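Dear colleague,

I am passing on the structure below, and I would be glad if you looked it over before reading the notes that follow.

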Amino acid sequence: MINAVLVFNNNGQPRLTKFYTQLDTSVQQRLISEIFTLVSARPASSCNFLPLPPLLASSSSSSTSNEHNDAPSLVTYGHYATLYFILISTSTESPLALLDFIRVFVEALDKLFENVCELDLIFNFETLHAVLGEMIVGGVVVETSLDKIVEGVRAQGRVMKRPVNESRPGLAQGIWAGR
């Protein structure tokens with residue numbers, strides 16, 4: 001299970017923070033800061049996997065329903081241009097599958113924005129969330145096909161842009177027609 005998806009720029013400013021497990025806001029803020037510090041300090045030649053920082057590990061071990069398979073334990077990240085894409089997950093997730101997930105996430109954004117940059121994520125945050133929503137539901141990866149993800153997000157955009165009073169062929173005009 002994926003517990004959180006984080007996107008930072010090189011200066012440590014969060015561009016996306018999506019938690020799929022409930023944490024106190026203060027713990028989230030400290031975790032965000034701690035994870036960025038750990039990830040940004042690593043050399044480019046290092047692997048893209050880290051053990052979970054003690055902050056979250058200790059907060060999850062104190063919960064009453066702590067099962068070893070559901071406890072967050074791994075940080076996986078990818079660094080693309082000026083952005084860090086970071087996943088916090090349980091030990092049941094494959095680290096290589098998570099790296100592939102990050103790659104597909106970045107490629108989907110690149111297809112939708114045609115050469116994505118940090119400003120695209122800032123000014124079009126709803127598209128960023130839509131892509132993530134197509135890929136993850138409740139912390140579970142549900143889609144990794146690049147074409148299906150992009151088409152799903154584009155379909156959401158078409159629905160949002162359709163006028164409210166738009167008529168469809170074969171339907172009566174207006175909500176009260178036919179009464």
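**Order of helices and strands**

Read from one end of the sequence to the other, the protein chain follows the pattern β-β-α-β-α-β-β-α-α-α-β-β-α, which comprises six helices and seven strands. Please keep in mind that this is a predicted model.

**The sheet**

Strands of a sheet pair through backbone hydrogen bonds, and they can do so in a parallel or an antiparallel way. Here, five strands form an open sheet in the order S2-S1-S5-S4-S3, with antiparallel pairing. At the edges lie strand S2 (14–19) and strand S3 (49–51), each of which pairs on one side only. Direction ignored, neighbouring strands of this sheet are turned by 15° against each other on average. Within the sheet, strand S1 (residues 2–9) is joined to S2 in the antiparallel sense over five bridges, and Ala4 stands opposite Phe19 in S2.

**Helices against the sheet**

Helix H1 (residues 25–40) packs on the sheet, where it touches S1, S2, S3, strand S4 (72–80) and strand S5 (83–90), and its direction makes about 115° with that of S5. Helix H5 (residues 125–135), for its part, lies across S1 and S2 and runs at about 35° to S2.

**The chain as a whole**

Of the 179 residues of the protein chain, 37% count as buried, while the chain exposes about 10500 Å², of which carbon and sulfur atoms supply 54%. Among contacts between residues at least 6 apart in sequence, 53% join residues at least 24 apart.

Conventions:
Residues are numbered from 1 along each chain as its sequence is written. This is a predicted model: local features need pLDDT of at least 70, side-chain atom pairs count only at pLDDT 80 or more; totals for chains, interfaces and linings use all residues. Side-chain values use heavy atoms; hydrogens and water are left out. Helices (H or I, at least four residues) and strands (E, at least two) are DSSP runs, numbered from the N terminus. Buried means under 20% relative accessible area, exposed over 50%, partly exposed in between (1.4 Å probe, protein chains only). Contact means heavy atoms within 4.5 Å. Accessible areas come from the Shrake-Rupley method with a 1.4 Å probe; for residues, only the protein chains shown count as cover. Two strands pair if DSSP finds at least two bridges between them. Axes are lines fitted to C-alpha atoms, for helices over the stretch in contact, and angles run from 0 to 180 degrees between N-to-C directions.
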